[in-house]
Amino acid sequence: VAAFHQRIGDFSRGLVMLLDKANRGDIPLQPAPRLEPKKEEDANRAQQKKDLELVGRTMFLEYLGREMEAQAPQVYSAWIADRDLRNLTLPIVNVRVLLSKDQLSDLNAALHNILDAAESSLDNPENFFDQIRSVSANTSRDPQGITDSRLAHLGQVGLMADYLEGLPYRSRVLDLDSETWKGWSITQQQEFIDNLKGKIKLYKEFHDDTDRWVALQPNDAPGGHVYPIPLDALP
């Protein structure tokens, strides 16, 4: 009870100090300085003080932004050539995408479904997209929209996750449409299937490469750990 009373007192005095600073116009826009406490009790109180100052700074900034109608600064976008302009066969950067274990699992499951549909429709190409729509409808929030026969590309069917969209590369899988699949020869269809099998095998290698999975936050669940997937390893 005594410790609780002490902490509540510290917290209340901290709030009063924040309000006093605000009334004087002394708004701390810079982060609180790092404190180096010596004892455990001092460490707890210092951490509480630091947390309170961070909360107060956040409230001050939000208030000022609202009063001054300020907007957050724009994020700058830029482009870089991924090939040597003097010799386009030479790559100069290795672009990677951080995917979580859960996302990689979703990607792997989607490729397995596409692979199953492709292999089972080699004798009857007309069935390929029907099977894809059926599989996707079973996991979609809008199954009626997924089964719409006017959806022409795999990217529209929704079997692949949204995180593949907007990346700086052309997805051979997402761009595949029904007419292209039906117009391919058996050799071309088999090449597509072999490519899917290669991706699936590669994803298993990524999954088993335990040393390179990283937690972005200390308390992240295993499914939230991320892996640097090469851009050209995406489907």
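Author: A salt bridge here is a side-chain nitrogen of Lys or Arg within 4 Å of a carboxyl oxygen of Asp or Glu. Keep in mind that this is a predicted model.

Reader: Thanks! How many salt bridges does the structure hold?

Author: Side chains of opposite charge can pair when their charged atoms come close. With the cut-off of 4 Å between nitrogen and oxygen, the count for the structure is 6.

Reader: Nice. What is the N to O distance between Asp20 and Arg24?

Author: Both residues lie in helix 1, 4 residues apart, or about one turn of the helix. Asp20 is partly exposed, with a relative accessible area of 38%, while Arg24 counts as exposed at 52%. Their side chains meet in a salt bridge, N to O, at 2.2 Å.

Reader: And for the salt bridge of Asp84 and Arg86, is Asp84 buried or exposed?

Author: Happy to work through that one. The two side chains meet at 3.6 Å, N to O. Arg86 has a relative accessible area of 79%, so this residue is exposed. For Asp84 the value is 17%, and since buried means under 20%, Asp84 counts as buried.

Methods: Residues numbered from 1 in each chain as written. Predicted model: local features only at pLDDT ≥ 70, side-chain atom pairs only at ≥ 80, totals over all residues. Heavy atoms only, no water. Helix = DSSP H or I, 4+ residues; strand = E, 2+ residues; numbered from the N terminus. Buried < 20%, exposed > 50% of the residue type's maximum accessible area, 1.4 Å probe, protein only.
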